[in-house]
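Here are my notes on this one, as numbered points. Have a look at the model first, then read on.

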Amino acid sequence: AELIDFVENGAMSLHWVGPDGTILWANRDELNVLGYDAREYIGRSITDFHADPDVIQDILTRLTRNETLIDYPARLKHKDGSIIHVLINSSVYSDDRGKFIHTRC
């Protein structure tokens, strides 16, 4: 219960993205930083929230190659239209056969 609370309510943005780019889960901080509620965010493409299409495409390509990203600079779109500069740390959670299940970002 404590670990779930830490992940859901901690002061660090976290999300999972599926291999097709769909946002599968996001914690409260991620939603608050971007100004969305879960219904507006989860289930949409992560590309909808990146200001630079070439950057998110590079991120997804690298993750598909099972690369780990550390402090990858990106610009995200807040619900109010402002731009938020972030550093992304992400890796891929895969099953026993190496199938991409979701990102850990």
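Which residues in the largest nonpolar core touch the most other members?

1. Tyr 41, Ile 46 and Ile 59 do, in a core of 23 residues. A core here is a set of buried Ala, Val, Leu, Ile, Met, Phe, Trp, Tyr and Cys residues joined through side-chain atoms within 4.5 Å, with buried meaning under 20% relative accessible area (1.4 Å probe, protein chains only). The largest share, 5 residues, comes from α4.

2. A caveat: this is a predicted model, where local features need pLDDT of at least 70, side-chain atom pairs count only at pLDDT 80 or more, and totals for chains, interfaces and linings use all residues. Numbering starts from 1 along each chain as its sequence is written, and side-chain values use heavy atoms, leaving out hydrogens and water.

3. Ile 59 touches His 50, Leu 69, Tyr 72, Ala 74 and Ile 88 (heavy atoms within 4.5 Å), not counting residues up to four places away in sequence.

4. On to the largest pocket, at about 430 Å³. Pockets are open sets of points on a 1 Å grid over the protein atoms alone, where a 1.4 Å probe fits, with protein on both sides within 12 Å along at least five of seven lines; lining residues have an atom within 4 Å of a point. Its lining has 24 residues, and the closest to the centre are Ser 13, His 15, Glu 30, Ile 88 and Cys 105.

5. β4 (strands are DSSP E runs of at least two residues) gives the most to that lining, with 5 residues.

How values were computed: Points joined across faces, edges and corners; volume = space filled by probe spheres on them. Helix = DSSP H or I, 4+ residues; strand = E, 2+ residues; numbered from the N terminus. Buried < 20%, exposed > 50% of the residue type's maximum accessible area, 1.4 Å probe, protein only.
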